[in-house]
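Open the model in your viewer and keep the sequence panel beside it. Each stop below gives a selection and then what is there.

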Amino acid sequence: MHRIILVEDEEHLRYGLEFNLKKEGFLVTGCSSAESGLDAWRDSDCNLFLLDIMLPGMSGLEMLETIRQKDQSCPVVMLTARSDESDAVVALELGADDYVRKPFGVSELIARLRRILRRLPQTGVPLGTIGPWTLDLDNYRISRNDQVMALTNMECAILQLLLANPGAVVSREDLLEKVWGPGMSTLTRTLDNHVARLRRKIELDPKEPTILLTVHGIGYKLATNSN
Ligand code: CA
């Protein structure tokens, strides 16, 4: 059973979401502020955060940053009332997995949460290798010798999609649609930033990648015989 920490300061919306999410079989901890959300996180495990952006005190974006400092892989979905696209882009840059604009339909929200929870690496994913790295995507990490590198949920999802197509180019549109979701194909800069961050983790020289290769004008692929 998945536990969701929901932070929403508008009471009627929080109660409504709690009610509907519980009805769908989620365990929900509803909080009215980011501070109490972080307290709840200290007290219990969490499989997904659902965070409003506009909150009294610490904002949802600040809470997202705090979460990402401690946990790079737990999915975070932002709720935003602002029509401003920049909030959503900032949230994705800070490591949010998705965002939903208010007002939203509960069934759409639940479908998105389920999609994100399904995308989490499943237990039993075999260990593989890319270049010199041994993959342990179950635990969001890769290692070589005694060096262990933590990956974010999105970095794992990007690697999984590339690994599913060994040696083949995966287009940016495909990566955006399958990792971020339908309708996200315009966020190419966000994808490129995630790839750049991933390269800083896995490549000897991120400027001259030998593992995660760019195919200009199309997308990305994993090298087949890199070391
Ligand atoms: Ca609010």
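**Stop 1**

Select Ser171 and Gly219. Gly219, in strand 12, is the bridge partner of Ser171. Keep in mind throughout that this is a predicted model.

The three strands make an open sheet in the order 10-12-11, with antiparallel pairing. Which strands stand at the edges? Strand 10 (170-171) and strand 11 do; each has a single partner strand, so one side of each is left without a neighbour in the sheet.

Next, select residues 212-215 and 219-222. These are strand 11 and strand 12, antiparallel over 4 bridges. Pick Thr214 and look across to strand 12: its bridge partner there is Tyr220. Then go to the turn of this hairpin. There are 3 residues between the strands, and Gly217 takes a positive phi near 80°.

**Stop 2: the calcium ion**

Select the calcium ion and show Asp9, Asp52 and Met54. Asp9 and Asp52 each coordinate through OD, and Met54 through O, at 2.1 to 2.3 Å. Along the chain, the donors follow the spacing D-x42-D-x1-M. Asp9 is in the loop between strand 1 (3-7) and helix 1 (11-23), while Met54 is in the loop between strand 3 (48-52) and helix 3 (60-70), so the pair ties together parts that are 45 residues apart in sequence.

**Stop 3: helix 1**

Select Arg14 and Tyr15. The charged end of Arg14 sits over the ring of Tyr15, 5.4 Å from its centre. Step on to Gly16, which is in helix 1. Gly16 counts as partly exposed, at 30% relative accessibility.

Expect 39 Å in space, for residues 133 apart in sequence.

**Stop 4: an aromatic pair**

How many aromatic pairs are there? The count comes to 1. Select Trp41 and Phe49 to see it. The arrangement is edge-to-face, 5.3 Å centre to centre, with 85° between the planes. Trp41 and Phe49 are both buried.

**Stop 5: helix 3 and its cover**

Select Ser59. This residue caps the N-terminal end of helix 3, with a side-chain oxygen 3.3 Å from the backbone nitrogen of Leu61.

Next, colour the buried residues of helix 3. They are Gly60, Leu61, Met63, Leu64, Thr66, Ile67 and Arg68. What covers them? The cover includes strand 1, helix 2 (34-43), strand 3, strand 4 (76-80) and helix 4 (85-93).

Now select Leu94, in the loop between helix 4 and strand 5. Leaving out residues up to four places away in sequence, Leu94 touches Leu61, Leu64, Glu65 and Arg68. Leu94 counts as partly exposed, at 26% relative accessibility. Look back to Asp9 from here: the C-alpha atoms of Leu94 and Asp9 are separated by 21 Å, and the two residues are 85 apart along the chain.

**Stop 6: two loops with backbone features**

Select Lys102 and Pro103. The peptide bond between them is cis, with omega near -5°. Pro103 is in the loop between strand 5 (98-101) and helix 5 (106-119).

Then select Asn145. This residue is not a glycine, yet its phi is positive, near 50°. Asn145 lies in the loop between strand 8 (141-144) and strand 9 (147-150). It is exposed, with a relative accessible area of 79%.

**Stop 7: a buried lysine**

Finish at Lys201, in helix 8 (residues 188-202). Is Lys201 buried or exposed? Its relative accessible area is 15%, and Lys201 is buried. Show the side chain of Glu155. The side chains of Lys201 and Glu155 make a polar contact at 2.8 Å.

Not counting residues up to four places away in sequence, Lys201 touches Gln72, Trp133, Met149, Ala150, Leu151, Thr152 and Glu155.

Methods
Residues are numbered from 1 along each chain as its sequence is written. This is a predicted model: local features need pLDDT of at least 70, side-chain atom pairs count only at pLDDT 80 or more; totals for chains, interfaces and linings use all residues. Side-chain values use heavy atoms; hydrogens and water are left out. Donors are N, O and S atoms within 2.8 Å of the metal (3.2 Å for Na, K and Ca); water is not among the atoms, so sites may look incomplete. Rings of Phe, Tyr and Trp (its six-membered ring) pair if their centres lie within 6.5 Å; planes under 30 degrees apart count as stacked, over 60 as edge-to-face and the rest as tilted. Buried means under 20% relative accessible area, exposed over 50%, partly exposed in between (1.4 Å probe, protein chains only). A charge sits over a ring if NZ of Lys or CZ of Arg is within 6 Å of the ring centre and within 35 degrees of the ring normal. Two strands pair if DSSP finds at least two bridges between them. Contact means heavy atoms within 4.5 Å. A polar contact is a pair of N or O atoms within 3.5 Å; within protein, one must be able to donate a hydrogen and the other to accept it, and residues adjacent in sequence count only if both atoms are side-chain atoms.
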